[in-house]
Amino acid sequence: MSQNYSIPTLETQEPVFRAEDLLQAMKYRYATKAFDGSKEIPVKAFQYILDAAQLSPTSFGLEAF
């Protein structure tokens, strides 16, 4: 018995970026040596970080977050 499954997709706009900007971002390296506990991440920025982490691939392709 084989069943065909359909996964709905969202219609989204293709991201617009320059290849040079992507390459520059990938080359950027920063190692945090100390954290400043008095600084806060804005809620909207934190939500973007969580959304990006949720969309990132895993080594086995098991994105079960």
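This is a predicted model: local features need pLDDT of at least 70, side-chain atom pairs count only at pLDDT 80 or more; totals for chains, interfaces and linings use all residues.
What does D21 pair with? D21 forms a salt bridge with R18, and the closest N and O atoms of that pair sit 3.0 Å apart. The structure holds one salt bridge, so if you are setting up a list of charged pairs, that is the entry, since the criterion is a Lys or Arg side-chain nitrogen within 4 Å of an Asp or Glu carboxyl oxygen.

Now to the fold. The protein chain has two helices and zero strands. Helix α2 covers residues 43–55, and I49 lies in it.

Together with I41, F46 and L50, I49 makes a nonpolar surface patch of about 370 Å². I49 itself is partly exposed, at a relative accessible area of 46%.

Finally, the whole chain. How many of its 65 residues count as buried, as a percentage? The answer is 0%. The accessible surface of the protein chain is about 7,500 Å², and carbon and sulfur atoms account for 61% of it.

Technical notes
Residues are numbered from 1 along each chain as its sequence is written. Side-chain values use heavy atoms; hydrogens and water are left out. Patches are made of residues with over 30% relative accessible area and no salt bridge: like charges are joined within 9 Å, nonpolar side chains (Val, Leu, Ile, Met, Phe, Trp, Tyr) within 5 Å. Accessible areas come from the Shrake-Rupley method with a 1.4 Å probe; for residues, only the protein chains shown count as cover. Helices (H or I, at least four residues) and strands (E, at least two) are DSSP runs, numbered from the N terminus. Buried means under 20% relative accessible area, exposed over 50%, partly exposed in between (1.4 Å probe, protein chains only).
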